[in-house]
Structure formats: C-alpha cells, structure tokens
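Work through the exercises below with the sequence and the model open. Try each task before reading its solution.

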Amino acid sequence: MMKHPRSLLTALALITIALPGYLMAHGDVTPQAVDTHELPQLGDEWLEENPYSPDDAKVLEIGSSAYTQNCARCHGLEGISGGIAPDLRMLEPGIDGDEWYVYRVREGAVRDGKVYMPAMADYLSQEALWAIRTWLVSIYVEE
Ligand code: HEC
C-alpha cells in the first residue's frame, strides 16, 4: 500500500530510470548451445519451408528445450507471451508463417539502433531454429 503520493512518484521515477536499462539488457543474448546432431541435417542454405514433421517426437523435444533456453526469456515460458514480445503460438502454420519466421530469426528486430530482438540465427543453427518452429506449430493457437 502506498499512502503517500510522494512514494508513488518515487516509484514511478524509479521505473522510468530503470526501464531503458531493462530494455537494453534484453538485447544481450547468452545463447545456449543446442545439440541437433540427432536431427536430419539441413546444410548451410536457409530453407524457405519447415522441413521437419510435427509428428517427429525428437524434433519437438529439441525444439521445446531450445525455445525454453533461447526464446522464453522474451517470448514467454511455454510460448505464452507475457506481453514483452509477440505470442509465437499464434504464428500461422504453413509456408507463409515459415517465411516470416525465417525472416525474423535471421534479421532480428532492430529499429533506431535499438535491438528488440537479436538475429537469433547468428547464435543458433538452422536445425535448432526449425525444431523450435515445429514445436511452436504443434502448440498453435488461433489469434
Ligand atoms: C531479447 C528478446 C528476444 C529474444 C531472446 C527473442 N525474441 Fe523474438 N521477438 C522479440 C521482440 C521484441 C519481437 C517483436 C519485434 C518487433 O516489434 O518488430 C520479436 C518477434 C519475433 C518474431 C515475429 C513474431 C510476429 O508475430 O511477428 C518471431 C518469429 C520471433 N521473434 C522468434 C524468436 C525465436 C524463435 C527466438 C528464439 C530462438 C526469439 N524470437 C528470441 C524479442 C525477442
């Protein structure tokens, strides 16, 4: 409980001061290695369409764990967004969603010099990123 308006103002001031630092900190990535040697290997050229099957348990297992380690921090645990970044369960399944997904993970999201999302493909292999995409499609939620 904040009875005194002054403490409310102090709290607001603190948030205002802390927020930019928090957003900046978000741009820092500590990528977690993802072991993908058990997945079909895809080569260096980026594919446009998800090559993995949503029925492949190994793909889902690796995708889910890779997501938790590398994306959940911003996009939310279990793919459920807490509002910081879009809810990736709502990305369209199929090639349109695939193309958008590839674009974002390769380019990241950088505006006015601010990194909202780093280019995750700089840190994770194509195999790891398609496994994540496959897992996300398996928990697809209509918008
Ligand atoms: C540092 C925070 C952060 C991390 C880590 C991060 N993202 Fe993002 N991501 C964002 C933000 C913020 C956006 C929205 C970008 C915008 O507004 O342009 C976004 C957007 C996206 C989009 C586009 C979604 C849409 O609805 O348009 C995809 C796809 C995506 N991220 C995938 C991933 C994947 C996969 C990972 C992990 C490998 C990941 N992101 C890690 C912050 C992050």
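**Exercise 1. Packing of helix 2**

Task: Find which helices the buried residues of helix 2 pack against. Then check the length of helix 2.

Solution: 
- The model is predicted. In it, the buried residues of helix 2 pack against helix 3 and helix 5.
- Those buried residues are Val59, Ile62, Gly63, Ser64, Ala66, Tyr67 and Asn70.
- An α-helix has 3.6 residues a turn, so residues three or four places apart point the same way.
- Now the length. Helix 2 has 14 residues, and at 1.5 Å a residue it should span 20 Å. The C-alpha atoms at its ends are 20 Å apart, so the two values agree.

**Exercise 2. The nonpolar core**

Task: Identify which members of the largest nonpolar core touch the most other members. Then name the element that gives the most to this core.

Solution: 
- The largest nonpolar core holds 23 residues. Ala66, Ala128, Leu129, Ala131 and Ile132 touch the most other members.
- Helix 2 (57–70), helix 4 and helix 5 (126–138) each give two or more residues to this core.
- Helix 5 gives the most, with 8 residues.
- Take Ile132 as a test case. Setting aside neighbours within four places in sequence, its contacts are Gly63, Ala66, Tyr67 and Cys71.
- As background, nonpolar side chains in soluble globular proteins tend to be buried together.

**Exercise 3. The ligand shell**

Task: Count the residues around the ligand and list the closest. Then sort the shell by class.

Solution: 
- The ligand is surrounded by 21 residues. The closest are Cys71, Cys74, Ala85, Ala109 and Met117.
- Helix 1 (5–27), helix 3 (72–75), helix 4 (95–107) and strand 2 (114–117) each give two or more residues to the shell.
- By class, the shell splits into 15 nonpolar, 4 polar and 2 charged residues.

**Exercise 4. The hairpin**

Task: Determine how strand 1 and strand 2 run, and how many bridges join them.

Solution: 
- Strand 1 covers residues 109–111.
- Arg111 stands opposite Lys114 in strand 2.
- The hairpin has 2 residues between the strands, and Asp112 takes a positive phi near 50 degrees.

**Exercise 5. The whole chain**

Task: Then state what share of residues is buried.

Solution: 
- The chain has 5 helices and 2 strands.
- Of the 143 residues in the chain, 24% are buried.
- Consider contacts between residues at least 6 apart in sequence: 69% of them join residues at least 24 apart.

Notes:
Residues are numbered from 1 along each chain as its sequence is written. This is a predicted model: local features need pLDDT of at least 70, side-chain atom pairs count only at pLDDT 80 or more; totals for chains, interfaces and linings use all residues. A residue is near a molecule or strand if its C-beta atom, placed from the backbone, lies within 6 Å of it. Helices (H or I, at least four residues) and strands (E, at least two) are DSSP runs, numbered from the N terminus. Ala, Val, Leu, Ile, Met, Phe, Trp, Tyr, Cys and Pro count as nonpolar, Asp, Glu, Lys and Arg as charged, and the others, Gly among them, as polar. Two strands pair if DSSP finds at least two bridges between them. A nonpolar core is a set of buried Ala, Val, Leu, Ile, Met, Phe, Trp, Tyr and Cys residues joined through C-beta atoms within 7 Å. A residue is buried if 20 or more other C-beta atoms lie within 10 Å of its own, exposed if 12 or fewer, and partly exposed in between; C-beta atoms are placed from the backbone. Two residues are in contact if their C-beta atoms, placed from the backbone, lie within 7 Å. The expected span of a helix is 1.5 Å times one less than its number of residues.
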